[in-house]
Amino acid sequence: MFVEIRLHGRGGQGIVTASEMLIEAAVLEGYHGQSIPTFGAERRGAPVVASARISDREVRRHGQVYSPDFVAVFDPLFVFRKEVTEGLKEGGTLLVNHRQKPDFPQFRVIAIDATKIALENGLVVAGWAVVNTAMLGALSRLLGMISRRSVEAVVSSKWKGDLGSKNLKAALDAFEGVVA
Amino acid sequence: MNKAKTGRAKVALSKPSEGASGLTGLWRLRRPVIDPAKCTKCHLCWLYCPEGAIARGADGAVWMIYEYCKGCGICSEVCPSKSISLVKEG
Amino acid sequence: MIIATGNHAVSYGVRAARAEVIAAYPITPQTQIIEKLAELIQSGEMRAKYIRVESEHSAMSACIGAEACGARTFTATSSHGLAYMSEMVFWAGMGRFPIVMAVVNRTLAPPWSIWNEHTDMLAQRDSGWIMMMCGSAQEAHDTTVMAYRIAEDERVLQPVMFGLDAFSLSHTAENLELIDQEVADGFLPPLNPESLPVYMDPDNPVTFGNLLGPDKMMEFRHLIKEAFGRAKGVIEEAAKDLSNATGRKQHGLIEDYRSSDAEVVILAMGASSGDCKDAVDILRDEGIKAGMVRVKTIRPFPGEEIASSVRGAKAVAIVDRDYSYGFGGIIGREAASYLSKKPLNYIAGIGGRDITVEDFRKIAEDALASAERGELGIEKWWGMRGFEG
């Protein structure tokens, strides 16, 4: 088993955090994981990319992910950007934070309104809906090898108190709510 | 230069000792001479001497160690009672 | 098992090694290392003095001073920081202070770049430091602890710097097994100040670094040369002992991967060596006898070890993520002087361009084809794109 995942979002949306939490959850399940941030001139709001690998063996390679099995788009406005689906394997999964499912016949497209979940759970920072935990929940569910319990463990260890419970609820709402 | 060995591996080190750089008094062109009658025993010359070439006695008197004094004249410059004069060597 | 970036893996290694003085100046992409150390010291998880300095030159100066007083010291830097530190890097090397330094390998400007290249560290290769290069976060962690054992070994007593690729290792989070404190303590005895070549003992005052004439300089330099000769055995011994202590295979001078019967061997170094191993497996599945040798230690240079590992190969492809202008790939040229058959030198990944599994696969195929045509000893800049677009 060897899965490559790419996350697209904006600087400040927490995609690197989501990518790290995803592989932490995978490690709890006994897998090897790798989270690769793409660094450049990051600014809040600018498009950013992070990648992750999950494998049942040691992940030895350190290159970027060019042909992912999964792509997760954290920002609804980025769904149709060219680089988002670039290299995504035919039949690969495209998870988008969007109210409706965009049309990409060559991929398995799944939409989840992560913004709504974040807002419902009061996850707003500096006017932005913080969607990364909801996206983490949805992505974990779709990957299939990460249990609800591991998502719970990773999110609860990341944040404590009120913020912790809000993030946990968002992650689990998405985990349960995502429809494959 | 001494090659002190403080461990198994050696590096170049020197240990403080009298005349570690040889008889530097040979470098001197002018010799500082103290007038004991004018000296107030304030010891500023002893403090300022960059070579440690001024000695102090139990009674507070100071004298030059001419083997190592390079003749820089700092002692004469700092002396408040103008009791150190520089005399041409030779 | 935890998840940690290569940078944090180093910080945890420094904690396991019980470093006592850390003097460092932040620079991308190294900053995470010293930030984590500052955090560990502030929270009381680590007992050490953190000295904030105004430059890398001062960071190394402070390390030299602290080491001379008998403290185990650590610093970390990268690229321009290392270049700025360079004068004191030589002082530490020629003065035989067993300091350990992590270097996150980053391209030197101009043009400005923060991505990985190995030239920054290789430019310091004649400074009297033992130099190693890591291939994973786990290895960065383990090598940190190993580095102190090698540096402080009384047969060596030279500083050790080890590299990790910017971002692809420094900021990539991976599985990491921490070395237990008892295991680290058993592997690495406390620093014995009496063994230090320069030990500032107030009861036995000495002056270090003063003038030494041509009458004796060569003899002192020759002692350093001899220490580097002994270092090879010490490195292999440390790798073996740490393998036994941790249950993880540690590499000392080189790592050999499926090279014993290989027709084509790639000589790789750093984070991309993992991609190279994946390529070797793919080639083997396709029926091509490929192998990899990884340079773990750069100084002392494992020339004989490399030569013996690639002896049977028809083609040797040396991949350099570095360059010496007017000379060639640094590892390629250095290794070539030990090989009976001329290798092919591939310059790749300059300025942080990825060297992918597919690149390594094609490099191996290209090297084999070149060897069959009898074209050896050639340098190729791999994957050039031109300036259009």
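**Notes on a predicted three-chain model**

1. The buried residues of helix H4 of chain C have cover that includes helix H3 (56–68), strands S4 and S5, and helix H5 (119–122) of chain C. Here helices (H or I, at least four residues) and strands (E, at least two) are DSSP runs, numbered from the N terminus. A residue is called buried if 20 or more other C-beta atoms lie within 10 Å of its own, exposed if 12 or fewer, and partly exposed in between, with C-beta atoms placed from the backbone. Two residues are in contact if their C-beta atoms, placed from the backbone in that way, lie within 7 Å.

2. A word on how to read these notes: residues are numbered from 1 along each chain as its sequence is written, while chains are lettered from A and ligands numbered from 1 in the order in which they are written. The model is predicted, so local features need pLDDT of at least 70 and side-chain atom pairs count only at pLDDT 80 or more, whereas totals for chains, interfaces and linings use all residues.

3. Back to H4(C), which covers residues 79–94. Its 16 residues reach 21 Å from first C-alpha to last, close to the 22 Å expected at 1.5 Å a residue (the expected span is 1.5 Å times one less than the number of residues). Where is H4(C) kinked? The kink, of about 60 degrees, is centred on C:Ser86; the bend at a residue is the angle between axes fitted to the seven residues ending there and the seven starting there. The buried residues of H4(C) are C:Ser79, C:Gly81, C:Leu82, C:Met85, C:Met88, C:Val89, C:Ala92 and C:Gly93. Just past the helix, C:Arg96 has a positive phi of about 65 degrees.

4. Chain C also holds an open sheet of 7 strands in the order S3-S2-S4-S5-S7-S6-S13, with mixed pairing. Two strands pair if DSSP finds at least two bridges between them. Strands S3 (49–52) and S13 (297–299) of chain C stand at the edges with a single partner strand each, so one side of each lacks a neighbour in the sheet. From one strand to the next the twist averages 20 degrees (axes are lines fitted to C-alpha atoms, for helices over the stretch in contact, and angles run from 0 to 180 degrees between N-to-C directions).

5. Follow the sheet strand by strand. In chain C, S4 (residues 73–77) runs parallel to S5 (residues 100–105), joined by 4 bridges; C:Ala76 has C:Ala102 as its bridge partner. S5(C) and S7(C) are parallel too, over 6 bridges, with C:Val100 partnered by C:Val160. S6(C) is joined to S7(C) by 4 bridges, again parallel, and C:Met133 stands opposite C:Gly163.

6. Why is S7(C) described as largely enclosed by the rest of the structure? Because 6 of its 6 residues are buried. Both faces are covered, with C:Val160, C:Phe162 and C:Leu164 on one side and C:Met161, C:Gly163 and C:Asp165 on the other.

7. Chain C is assigned domain 1 (2–246) and domain 2 (254–381); the bounds come from an automatic or database domain assignment. Their centres, taken over C-alpha atoms, are 28 Å apart. The contact takes 25 residues from domain 1 and 19 residues from domain 2. On the domain 1 side, H5, S6 (130–133), S7 (160–165) and helix H8 (217–246) of chain C are the elements that give two or more residues.

8. Chains A and B do not touch, and their nearest C-alpha atoms are 40 Å apart.

9. Some backbone details deserve a look, since most residues other than glycine have a negative phi and most peptide bonds are trans. A cis peptide bond joins C:Pro110 and C:Pro111, with omega about -10 degrees; C:Pro111 lies in the loop between S5 and H5 of chain C. Another cis peptide bond joins C:Arg299 and C:Pro300, with omega about -5 degrees.

10. Finally, A:Ala126 has a positive phi of about 50 degrees although it is not a glycine. With 7 C-beta neighbours inside 10 Å, A:Ala126 counts as exposed. B:His43 has a positive phi near 70 degrees and, with 13 such neighbours, counts as partly exposed.
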